[in-house]
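Subject: Structure handover and notes

Hi,

Please read the notes below alongside it.

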Amino acid sequence: MRAGEKTPPAAPGSSAGLDGAELRQLDWVRRLGTLGALLMAVGAAGAGAAPVFNPVPRVPLIGLLPRVPTVSMAIVYTGMFLVISSWLWLGRLTASGRPRVISRSQMDRTLVMWMIPLAIAPPMFSRDVYSYLAQSKIAFLGLDPYEVGPAQALGVDDPLTRGVPNVWRDTPAPYGPFFLTLGKLVSWIAGDHVVTSVLLHRVIALAGIAMMLWAVPRLARRCGVRPVTALWLGPANPLVLFHLVSGVHNEALMVGLMLAGLEIALRPGTRWLLIGATLMTCAAAVKVSAAPALGFLGVALALRWGGTFKDLFRAAGLLIAVFAGVLAVIVLGSGLSLGWEDSLVALEKIQSWKSPMTWLGGLGGSLGVLLGFGDHTASVTEAWRVAGGIGAVAVLGWLLWTCFRRGERFLHPITGLGIALGMMVVLGPIVHPWYLVWAVVPLAASTNSVRFRVVAVVLSIAMSVVDTPPGANYGGREFVVPWAILAGLAVAGPLLLAVRKRMPGRVRAPRSAAQ
C-alpha cells in the first residue's frame with residue numbers, strides 16, 4: 001500500500017481496518033510478492049513451457065535466458081519462494097482472532113499486483129494450453145475433436161500440433177463443448193499464431209478467476225466465513241497463481257462458473273435460479289468434474305423449500321431439465337457432440353505418481369512379484385482405479401444424503417461440495433496440482449475449521465512446487481532441477497530473513513476458533 005493510502009472504515013459487525021504499522025507491513029508483503037511474481041515472469045522466458053515456435057530467443061537481452069535454462073529456472077524458483085512466503089504473511093493479516101484485518105479492496109489490489117506479471121509471461125508448469133490450441137483448431141475446421149487427435153486431424157507438421165506433448169498428439173479432446181466453443185473463437189481470432197492464442201486463453205482463465213473473486217466473498221458470508229480469509233485461501237492461493245494464471249488451465253473457468261452460478265442460484269427468485277443453474281451447466285460443459293455442484297444446489301433448494309422428499313424431487317427435476325436444455329443448446333450451437341465423456345478414458349494413458357490409486361496399484365503389483373505371482377501391476381492398478389471411482393460415487397451420494405437429512409447446520413451444501421470434489425481428486429486415476437483447486441476454493445468459502453486451513457496451506461504449498469517450470473521432463477538432464485531449487489533457496493533465504501521483522505507477526509487464534 002502506498003504511503004498515505006487510507007483504510008476504508010470497517011462495516012458494522014466486522015473487524016476494524018489496519019492501523020498505521022499494519023499498513024506498512026501490508027506494503028512490504030505486497031512488494032515482496034510482486035518482486036517474486038516479476039522474477040517468475042522473467043525466468044519463464046528461459047525456463048517456462050515454451051512453444052516449439054518460440055519468439056523469445058529473438059528478443060534482445062531476454063533472448064539470452066533460453067540459453068541458460070538452469071539459471072532461468074533458479075530465477076523462477078527464487079520468485080516462487082518469495083510469492084509463497086508473501087502469501088503466508090498475507091494470511092496473518094486475515095487470521096482468526098486478529099482484531100484488525102485487511103479490507104476487500106486491499107486484498108483485490110494485492111492480487112492484481114501479483115497476477116499481472118504472471119499474466120503476461122510465458123506459460124509455466126504445464127503444456128496443456130498447447131493441447132487447447134490444437135483441439136480448438138480441430139473444432140474450428142469443422143472436424144470432431146472427440147474422434148481424432150491433433151496429429152491425425154492437423155498433421156504432425158502443423159505449428160499447433162508440434163506444441164502438443166507427444167503423449168497427447170493422438171488423443172481426442174477430454175474437454176466439454178462449451179470450452180471448445182470458446183477455443184473456436186480463439187482460433188478464429190488468432191489463427192496459428194501461438195503467442196496470441198495463449199494470451200487469449202489466459203484472458204479466458206482470468207475471466208474465471210474474476211468470477212471466483214466475485215463469488216467467494218458472497219458464498220463466505222452465507223456460511224459465516226470472513227470474506228477476506230476466504231479470498232486469501234482461495235483465489236489468492238499459490239495454486240491459483242502458479243497453475244491457473246501462469247499455467248493457463250481451464251480449471252479457472254470451470255471453478256469460476258461453478259461458484260458464480262452457485263451464488264446466483266441461491267438468491268431468492270426463479271430468475272436467479274435459472275441463471276445460476278445455466279452457469280453451473282456451462283461449468284460442467286468445460287469439465288464434467290463440475291457436475292456434482294448441481295446436486296448440492298438441488299439439496300440446498302430442497303432444504304429452502306421445506307426439506308421434504310417432494311421438495312427434493314422437485315428440485316432435482318427442475319435442475320435436470322435446466323441441465324439438459326442448456327447442454328442441448330451448447331451442443332447444437334457449437335456443432336460438437338457429447339463425445340467428450342468417451343474421450344475421458346484417455347486419462348488412463350497417464351500413470352500419475354501423485355494419485356493414491358496409482359500408488360496402491362504399484363504396491364499391489366510389487367507385492368505380487370515378491371510373492372511369486374508375476375508382474376500384474378497394470379491389472380492391479382486398473383482394479384484400484386475402478387475401486388476409487390466406485391468409492392468417489394459412494395462418498396458423493398453419502399454427502400448429498402447427509403446434507404439433505406442433517407441440514408445446513410450439520411453440513412452446509414457448499415462444504416459438502418468441496419469435500420466431494422476433494423474426494424474425487426484423491427480417489428481419481430489422475431492427480432495434478434491444479435485439481436486441488438476444485439476442493440480448496442469451495443471449502444475456503446464455507447468452513448472456519450482451523451484444522452482444514454492448516455492442511456490446506458500445507459497441501460497448497462507442496463502441490464504448488466511439485467511440478468517444474470517447463471512442465472516436462474529434461475531428457476536425462478533432470479539433475480538441473482535440484483541445483484536450480486538450491487540456487488533459488490540460496491537467494492530467497494537471506495532476503496526473507498532480512499525482511500522478516502517488517503512482516504506481520506503471528507496472532508494466536510482464540511480457543512473457540514479451533515473447532
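**Ground rules**

This is a predicted model, in which local features need pLDDT of at least 70 and side-chain atom pairs count only at pLDDT 80 or more, while totals for chains, interfaces and linings use all residues. Residues are numbered from 1 along each chain as its sequence is written, and side-chain values use heavy atoms, with hydrogens and water left out.

**Confidence**

pLDDT is the predictor's confidence in each residue, from 0 to 100. Its mean over the protein chain is 84. A value of 70 or more is reached by 88% of the residues. Helix H10 (residues 251-265) has the highest confidence, with a mean of 95. Helix H14 (residues 340-343) has the lowest, at 58. Helices here are DSSP runs of H or I with at least four residues, strands are E runs of at least two, and numbering starts at the N terminus.

Two stretches need care. Residues 1-15 stay under 50 in pLDDT, and the model has 24 contacts for them beyond four places in sequence. Contact means heavy atoms within 4.5 Å. Residues 509-515 are also below 50, with 11 contacts beyond near neighbours in sequence. Where pLDDT is low, the predicted coordinates should not be read in detail.

**Overall make-up**

The protein chain has 20 helices and zero strands. Of its 515 residues, 53% are buried. Buried means under 20% relative accessible area, exposed means over 50%, and partly exposed lies in between (1.4 Å probe, protein chains only). The chain exposes about 22,300 Å², and carbon and sulfur atoms supply 67% of that. The areas come from the Shrake-Rupley method with a 1.4 Å probe; for residues, only the protein chains shown count as cover. Among contacts between residues at least 6 apart in sequence, 77% join residues at least 24 apart.

**The core**

The largest nonpolar core holds 143 residues. Such a core is a set of buried Ala, Val, Leu, Ile, Met, Phe, Trp, Tyr and Cys residues joined through side-chain atoms within 4.5 Å. Ile209, Leu233, Val255, Met258 and Leu297 touch the most other members. Helix H2 (residues 69-92) gives the most to this core, with 12 residues. Beyond four places in sequence, the contacts of Met258 include Met280, Ala290, Ala293, Leu417 and Leu421.

Helix H12 (residues 292-305) has 14 residues and reaches 20 Å from first C-alpha to last, close to the 20 Å expected at 1.5 Å a residue. The expected span is 1.5 Å times one less than the number of residues. In H12, 10 of the 14 residues are buried, including Ala293, Phe296 and Leu297. Gly306 follows H12, with a positive phi near 145°.

Helix H17 (residues 413-426) also has 14 residues and reaches 20 Å, close to the expected 20 Å. It is mostly covered, with 10 of its 14 residues buried. Leu417 and Leu421 are among them.

**H9 and what follows**

Nine of the nine residues of helix H9 (residues 238-246) are buried, so H9 is largely enclosed by the rest of the structure. Asn237 caps its N-terminal end: a side-chain oxygen lies 2.9 Å from the backbone nitrogen of Leu239. Val248 sits in the loop between H9 and H10. Its phi is near 60°, a positive value in a residue other than glycine. Val248 counts as buried because its relative accessible area is 1%.

**Other buried positions**

Pro433 lies in the loop between H17 and helix H18 (437-444). Its relative accessibility is 0%, so Pro433 counts as buried. Among its contacts beyond four places in sequence are Leu239 and His243, both buried residues of H9. Asp467 is another contact of Pro433.

Phe125 is in the loop between helix H3 (104-119) and H4. Its phi is positive, near 75°. Phe125 is buried, at 2% relative accessible area.

Gln135 is in helix H4 (residues 128-140). It counts as buried because its relative accessibility is 4%. Beyond four places in sequence, Gln135 contacts residues including Pro145, Thr171 and Tyr175.

Best wishes

How values were computed
A polar contact is a pair of N or O atoms within 3.5 Å; within protein, one must be able to donate a hydrogen and the other to accept it, and residues adjacent in sequence count only if both atoms are side-chain atoms.
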